[in-house]
Amino acid sequence: MEVFVTVKVLLLTGFVVLGYANAVHAADPALLAPADTTEQSSEGWTFNFAPYFWAAGLSGDAAQFGLPVVSIDASFSDVLENFDIGFMAAGEARYGPYSIFGDIIYAKLGADGDTPSGLLAESVDVTSTTFSGLLGVGYSVIDAGDVGHLDLVGGVKVWSVSTEISFSGGILGGRDVEDDATWVDAMAGVRGNYHFTPEIYLTGWALIGGGGADLDWDVALGLGYKFNDTVSAIAGYRALGVDYSQDGFIFDVVQKGPILGMAIRF
C-alpha cells in the first residue's frame, strides 16, 4: 500500500478527447487521472490526500426572509480582506479501475453588496459561511497506467450555507438578518489525468448536477510538475457555481480563481 499526498483540480471534456487522440496517434494510449498515476493499478489500494489553496472571487445573488435580493461582486482581494477562516482538501482511494474520492471546502468570508438600484440601502455587508462536501465513486473507462486515465464518476455533494446580511442607510438601514440552508445534490461527470512526460501532467475534472439546488457545477484544469518521486507542484484554475432557492433563501453564486498546491508522495 502506498500513500500519496496530492492536489486535484478539474478537467474539461474537450481536453480528454484531445489527449486520447494524441496518445493513440503516438502509439502510447493514455488519458487523464486525478493524481499521480505511477504504479497504481498493480499494487492494490492506493491513497492520496491534499490540502490546497484556492484564490477564488465571489459573485452572484443572495437573499433571505423574502427581503430584496442582494447582488455580490467581490474579487479575491476583496474576499481576502474579509476572510475569517477556511479549509480546503481533497482525497482519493483507488483500486485498479475503481476509485472513491472526496473534496471538502469550508470558508467564512465577507463581501460588499448592493440592492436593486441602490434605493433600499446605501451599503450592504454580506457574511457567508459555506461548507460543501463531495463524495463520489469512479470507474476508469480509459486506463493507460503511468501515462494516464479517464474516469466516469458520480456522487453526492452536501451543502450547508449560512448568510448574514446587514443593511446600512436607506429604507432598510439598521436591519441585520441571518438565515441558513442545507441541501444535497447528485453529481456526475469526468475526472482524469494525462502525462505529457514523466514530469509534466494535465489533471482535472468536470462535474454537473442538481437536486436541492436547481444547478450545481464544478470544473477546473491544472498543470502539474514532478520534481522527483516525492514532491510535485500544481497550478490551475477552478470555477464552481450553485443556484439554490427555497423558502425565501437564495444562494445563487459563482466562485472562480487560480488554485495552487503541492503534492507530496510517501
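Modeller: Let's start with a term: a contact means heavy atoms within 4.5 Å. In this chain, residues 24 or more positions apart account for 67% of the contacts with a separation of 6 or more.

Colleague: Before we go on, what kind of model is this?

Modeller: It's a predicted model, where local features need pLDDT of at least 70, side-chain atom pairs count only at pLDDT 80 or more, and totals for chains, interfaces and linings use all residues. Residues are numbered from 1 along each chain as its sequence is written, and side-chain values use heavy atoms, with hydrogens and water left out.

Colleague: Take T182, then. Is T182 buried or exposed?

Modeller: Buried means under 20% relative accessible area, exposed over 50%, and partly exposed in between (1.4 Å probe, protein chains only). T182 has 54%, so it counts as exposed.

Colleague: Which residues does T182 touch, leaving aside neighbours within four places in sequence?

Modeller: Those are W159 and S160. A polar contact is a pair of N or O atoms within 3.5 Å; within protein, one must be able to donate a hydrogen and the other to accept it, and residues adjacent in sequence count only if both atoms are side-chain atoms. The side chains of T182 and S160 make one at 3.4 Å.

Colleague: And how do I read a charge over a ring, say R191 and F101?

Modeller: Look for NZ of Lys or CZ of Arg within 6 Å of the ring centre and within 35 degrees of the ring normal. R191 has its charged end over the ring of F101, 4.1 Å from the centre. R238 lies over the face of W54, at 4.9 Å from the ring centre.
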